[in-house]
Amino acid sequence: MVHVDAVPRLLIRRLRQIMAEPGSAQEQLDRIVGQIASLMVAEVCSVYVRRQDGSLELFATQGLKREAVHNTHMKRGEGLVGLIAEQAKAINLSEAQSHPSFSYRPETGEEEFHSFLGVPVLRGGRVLGVLTVQNKTRRQYTEDEEDALQTTAMVLAEVLAGTVERIDPSLPDGAPGRSRVLQGEQLSDGLALGHIVLHEPRVIVTQLVSDDPEAERVRLDEAIVDLRTGLDRIFANRDIAAAGEHHEVLETYRMYADDQGWRRRLHEAIAAGLTAAGAVERVRNEMRARMLRNADPYWRERFRDLDDLSDRLLRTLAGVPATGAHQVLPPDAILVARTLGPAELLDYDRERLRGLVIEDSGATSHVAIVAKALGIAAVGQARGIVEAVEPGDPAIVDATAGEIHIRPGQEVIGAFSDKVRFRARRLQKYSSLRGAPAVTRDGVRVALNINAGLMVDLPHLEESGADGIGLFRTELEFMISSSILGRDRQTEIYRAILETAGERPVVFRTLDIGGDKMLPYLRHEREENPALGWRAIRMSLDRTGLFRTQIRALLRAAAGRELRVMLPMLTDVAEFDEARRLIDLEIGLLSRFSSPPPRGIEIGAMVEVPALLFQLDEIARRADFLSIGSNDLFQFTFAVDRANERVARRYDTLSPAMLSVIRAIVAAAERHETPLTLCGEMAGRPLEAMVLIALGLRSISMAPASIGPVKAMLLGLDAAVLRTYLDRALAQGRRDVRAVAAEFASAHGIEI
């Protein structure tokens with residue numbers, strides 16, 4: 001009899017030999033169960049594979065009747081095998097037939113076998129099948145035997161993942177080869193076909209069984225110390241540690257790293273003969289299977305934290321970097337990440353990056369802004385995407401529909417290939433409109449501008465045929481920098497932007513940092529409600545050195561040109577007055593040092609805080625121009641957190657309340673002859689843009705990719721007729737403005 005501790009080691013060697021031998025997939029699986037039975041000194045060894053409907057099929061056996069293979073099926077949860085699959089844990093019985101869940105199948109001939117040991121075959125926390133051994137004698141299998149079979153099941157999982165598909169293409173639920181569709185939220189419009197690349201590369205554990213358990217225990221303990229030291233180092237940096245939810249995530253990681261129960265289970269797995277990495281993978285698989293059965297969102301989220309910590313520990317053991325930003329990408333890479341910052345995205349080779357899928361980011365996140373600038377199809381809020389994919393998996397990102405197709409079949413790929421060609425034809429049509437003036441059918445000229453924030457945005461100004469840059473988010477260059485940008489570096493950036501734009505206008509928004517846009521190199525206190533806290537103009541007026549340095553750089557960059565500066569997050573006209581006073585001081589310094597001034601200077605105000613709605617006449621008199629920040633204005637008007645998926649879609653940007661707000665701003669701007677524009681997500685959607693034009697907006701700013709679709713809509717629109725149509729519908733009590741606008745577009749053949 002082979003000693004039980006040697007079983008997994010011998011099995012791996014035998015499995016390699018079997019897989020290298022000639023023969024069909026079924027023959028190989030048959031030889032595998034024979035080897036397991038021999039090494040476990042079992043009279044029966046069987047492998048059941050879980051199908052897509054949750055049922056289990058006998059795929060191979062040594063000891064049961066051969067004719068039962070592929071003919072014995074257990075319904076979901078049926079019998080001991082079904083119970084193991086549902087609970088994802090082992091069952092060890094000296095008399096199987098006395099168990100209430102025992103299901104007798106006469107075709108197997110198993111009535112003469114009494115003792116039973118079954119374990120789930122887990123891969124990525126999902127149950128691929130069940131591995132069982134049986135004997136005629138009534139006996140309880142030892143704890144060592146159970147550990148040996150569980151370790152064997154880990155090895156078998158890797159074999160099943162490739163072997164089962166060759167026997168039968170109807171794969172087990174959760175197997176890597178199965179097609180899936182996940183739903184998310186559009187971050188950046190587009191369509192991408194390619195292959196998966198993980199932002200945090202998953203460590204594939206290839207060596208499961210150890211030759212020296214004590215050495216593996218030492219390796220594990222050292223890796224945990226390194227892991228904890230790294231977390232402590234992050235906490236030592238107050239700026240990072242205080243960063244909102246990031247702080248809570250780090251606290252959770254540190255709690256798990258200190259958890260004695262977790263470490264005990266890891267040590268037990270090593271004692272059972274696994275390597276340190278194999279132990280982490282086994283404990284993670286057991287926890288994942290348990291948590292996937294738990295419907296409680298809290299505990300599922302806690303598992304995600306533990307899963308991430310396990311990945312960190314595996315990377316520490318393997319000595320691989322935390323992220324794969326410098327890995328060689330395939331030419332059609334689709335990047336998948338739990339979270340991703342804008343600077344991290346820019347680290348990737350943009351020529352090879354086709355799509356982006358993120359678990360946590362929403363449509364107004366900063367990485368979404370960068371994705372739009374790069375022209376990458378991107379989807380956020382894609383729950384479970386990291387667990388659902390393997391590196392190299394084929395995938396389709398349909399950002400328009402907010403869908404990710406994982407391992408799609410040929411029919412799906414063919415359909416999307418047609419869609420890509422259709423989209424290319426549409427883009428060609430939009431390109432042909434690039435030089436056409438944006439004028440409605442009734443002669444209304446509308447300025448179509450782009451939103452930008454990075455140097456990579458600048459080519460889009462020419463490509464889109466936009467009239468100018470209606471919003472340049474100056475904070476984005478700060479966010480991707482590892483240290484604060486000095487005056488000279490800022491001057492270089494702003495001068496390059498103005499030179500690229502030529503005679504087209506550029507509106508620079510002063511730093512809108514704070515809230516969810518913290519700079520890691522600036523100290524800040526943690527806030528309960530960062531969106532309503534110390535941010536934008538509030539921070540600028542408190543840190544006047546930072547604000548005045550930026551203004552000084554803008555003035556120097558715009559020497560001999562027109563300069564337009566916009567102030568964000570104004571709540572009171574007094575803030576505008578104070579900011580203008582500081583700008584005037586910098587203008588005075590220019591003449592004192594004989595520096596050439598801009599040809600003209602305009603200072604504008606962003607209307608995005610509801611308090612400013614009650615000061616519209618005052619701010620319209622003071623400002624040289626106004627800009628509606630529709631994203632924040634909507635958020636604050638409806639008390640809706642844009643990043644909270646439970647409420648973000650609860651209210652419509654085209655609701656009567658929002659239209660009333662916009663109408664009031666348009667009316668105030670008209671009374672004082674103050675130029676007005678709108679920059680925000682709603683400007684880039686043809687249906688919303690159509691309504692904005694009907695309300696009186698004559699300048700709107702959007703993502704570069706939206707210019708073509710919005711211009712195509714505008715060229716077929718009669719703005720006066722739409723305004724009358726909307727007024728009549730609202731007077732009749734219609735509140736579904738979106739539906740009213742869609743009806744109008746359909747009736748008048750307007751492309752939306």
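Guide: Begin with strand E20, where Phe625, Ser627 and Gly629 point one way and Leu626 and Ile628 point the other way, and all of them are buried. The model is a predicted one. Strand E20 covers residues 625-629, and five of its five residues are buried, so the strand is largely enclosed by the rest of the structure.

The next thing to look for is the partner of this strand. E19 and E20 pair in the parallel sense, over four bridges.

Now move across to E19 itself. Six of the eight residues of E19 are buried, so this strand too is largely enclosed by the rest of the structure. E19 also pairs with strand E18 (residues 562-567), in the parallel sense and over six bridges. Within that pairing, valine 565 has isoleucine 603 in E19 as its bridge partner.

Glycine 604 lies in E19, which runs over residues 600-607. Its relative accessibility is 0%, and because buried means under 20% relative accessible area, glycine 604 counts as buried. Leaving aside neighbours within four places in sequence, glycine 604 is in contact with Val565, Met566, Leu567, Phe576, Ala623 and Phe625. Another pair to find is glycine 604 and arginine 509: they are 95 residues apart along the chain, and their C-alpha atoms are separated by 9.0 Å.

For a contrast in pairing, turn to another sheet. Six strands form an open sheet in the order E3-E2-E1-E6-E5-E4, with antiparallel pairing. Strand E3 (73-74) and strand E4 (91-93) stand at the edges with a single partner strand each, so one side of each is left without a neighbour in the sheet. Inside the sheet, strand E5 (residues 115-123) and strand E6 (residues 126-135) run antiparallel and are joined by nine bridges. Valine 119, for example, has leucine 131 in E6 as its bridge partner.

Strand E6 also holds glutamine 134. That residue is buried, because its relative accessible area is 3%. The side chain of glutamine 134 makes a polar contact of 3.5 Å with the side chain of glutamate 110. Leaving aside neighbours within four places in sequence, the contacts of glutamine 134 include Ala42, Val44, Leu64, Phe113 and Tyr141.

A buried residue can also sit in a loop. Histidine 199 has its place in the loop between strand E9 (191-198) and helix H5 (213-236). At 2% relative accessibility, histidine 199 counts as buried. A polar contact of 2.8 Å joins its side chain to that of tyrosine 348.

Helix H26 (residues 719-731) has 13 residues and reaches 18 Å from its first C-alpha to its last, close to the 18 Å expected at 1.5 Å a residue. Its buried residues are Ala719, Leu722, Leu726 and Ala729. They cover an arc of only 90° around the axis, which puts them on the same side of H26. An α-helix has 3.6 residues a turn, so residues three or four places apart point the same way. The buried residues of H26 pack against helix H24 (686-695) and helix H27 (737-747).

Aspartate 718 caps the N-terminal end, with a side-chain oxygen 3.3 Å from the backbone nitrogen of alanine 720. Just after H26 comes glycine 733, with a positive phi of about 90°.

Helix H8 (residues 260-271) gives a second case. Its twelve residues should span 16 Å at 1.5 Å a residue, and its end C-alpha atoms are 16 Å apart, which agrees. Gly261, Trp262, Arg263, Leu266, Ala269 and Ile270 are the buried residues of H8. Glycine 273 follows H8, and its phi is positive, near 115°.

Last, the cysteines. The structure holds zero disulfides. Cysteine 45 is buried, with a relative accessible area of 0%, and cysteine 679 counts as buried at 4% relative accessibility.

How values were computed:
Residues numbered from 1 in each chain as written. Predicted model: local features only at pLDDT ≥ 70, side-chain atom pairs only at ≥ 80, totals over all residues. Heavy atoms only, no water. Helix = DSSP H or I, 4+ residues; strand = E, 2+ residues; numbered from the N terminus. Buried < 20%, exposed > 50% of the residue type's maximum accessible area, 1.4 Å probe, protein only. Contact = heavy atoms within 4.5 Å. Expected span 1.5 Å × (residues − 1). Arc of directions from axis to C-beta. Polar contact = N/O pair within 3.5 Å; in protein donor to acceptor, adjacent residues only side chain to side chain. Disulfide = S-S within 2.5 Å. Pairing = 2+ DSSP bridges.
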